[in-house]
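The sequence and the structure come first, and the description follows.

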Amino acid sequence: MWSTIADKKVNYWSHLIRKLSPGGECERCLQPTRSLFFLCESCIKELPQALHTCSQCSEPIASAGRCGRCQLHPPAFDYSCCPFLYQPPLSLWIKACKDRRQLLWLPRLSGLMLLSPVAALAQADAITFIPSARRKLFRRGFNLTEIMARRLARALKIPLIDSALNKTSGNDQRGLSARQRHKNLSNALQPGQLQLKGKHIVIIEDVITTGATANAAARALKQQGAAVVGIWALARTPPPDWYDKH
Ligand SMILES: [Zn+2]
Ligand SMILES: [Zn+2]
C-alpha cells in the first residue's frame, strides 16, 4: 500500500516538474520534446515545403530563379519569402485560428515564421501588415496578420508601421479568381498618408494565394515612396496544376 502511495507521489511530482520545466509533447506526433516550441524537430522538417520557389512571388517552380509570369509581368513587390506550402496540417492550423478563433495558434503561427526569417530583414526599415476590413474585423475580432506583424516586429526589434495601408471596403478575397481579386482590391486597399521615401518595407502575410493582395499592398506602399517592398508570408498556395504533378 505504502509503495503505491509513494509511486503516486513520484508520478505526481514528475508530472508537475514536466509541466513546469521547458519542453512537453509535440502537438503532431505526441512525442516528448525538450523544446519550448509546440512541434518537435522532425515534425517541423515534415511540414509541407516546395523544393524551389520563384524568388519574387514564391510560387513553386521546377528550378531556382524567377517564374515566367514574374519575368513577363513583375509584381509591385520586389521579393517574397514563404517557408511553407498552404497544405495540411498548416492550412488546418491557419483555419483553426482564423475561422474558429482558436487563439492558441496566434503565438504558434508567429513562432513558425521565426523559424525561417527573411535574410533581407537585416536591411528592412520597418514591418507592416494589410489591415482587415472593418466588417471582417468585427466578425473575427482580430486580424491575424496584424498580430503576427506586431509579434515579429517585437521579437526582431524592427519598427512596426500600422497606418501605411487603409482597407476601405471590398469583399472577402477567398474563392475569387485572380481577375476578380484584382478588381476587388483596386477599390479596397488604399495607400496611407505616410512619407516612406527610400524605405525598405516588409509586409507580413499569413497566406499568399494568387499574390493579388500582396501586389496591391506593395503598390500602395510604393505610391508613398517606398523603394523596396518584400513579402514575408507563412505559406503559399501552390498553383492548381501543382497538385497533379506531386
Ligand atoms: Zn513531432
Ligand atoms: Zn514568380
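## Helix 9

The buried residues of helix 9 are Ala212, Thr213, Ala214, Asn215, Ala216, Ala217, Ala218, Ala220 and Leu221. They are nine of the 12 residues in helix 9, so the rest of the structure largely encloses this helix. The model is a predicted one.

Just after helix 9 comes Gly225, with a positive phi of about 105 degrees.

## Helices 4 and 5

Helix 4 spans residues 90–98 and helix 5 spans residues 105–115. Their axes come within 10 Å and cross at roughly 140 degrees. Helix 4 is therefore oblique to helix 5. The crossing of helix 4 with helix 5 is left-handed.

On the helix 4 side, the contact consists of Trp93, Ile94, Ala96 and Cys97; on the helix 5 side, it consists of Trp105, Leu106 and Leu109. Seven of the residues in this contact are nonpolar, with no polar and no charged residues.

## The chain as a whole

The chain contains 10 helices and nine strands. Of its 246 residues, 32% are buried.

Among the contacts in the chain with a separation of 6 or more, 68% are between residues 24 or more positions apart.

Methods:
Residues numbered from 1 in each chain as written. Chains lettered and ligands numbered in written order. Predicted model: local features only at pLDDT ≥ 70, side-chain atom pairs only at ≥ 80, totals over all residues. Axes fitted to C-alpha atoms, helices over the stretch in contact; angles between N-to-C directions. Helix = DSSP H or I, 4+ residues; strand = E, 2+ residues; numbered from the N terminus. Parallel < 35°, antiparallel > 145°, perpendicular 65-115°, else oblique. Left-handed = near helix turned anticlockwise from the far one by under 90°. Contact = placed C-beta atoms within 7 Å. Nonpolar A, V, L, I, M, F, W, Y, C, P; charged D, E, K, R; others polar. Buried ≥ 20, exposed ≤ 12 C-beta atoms within 10 Å, placed from the backbone.
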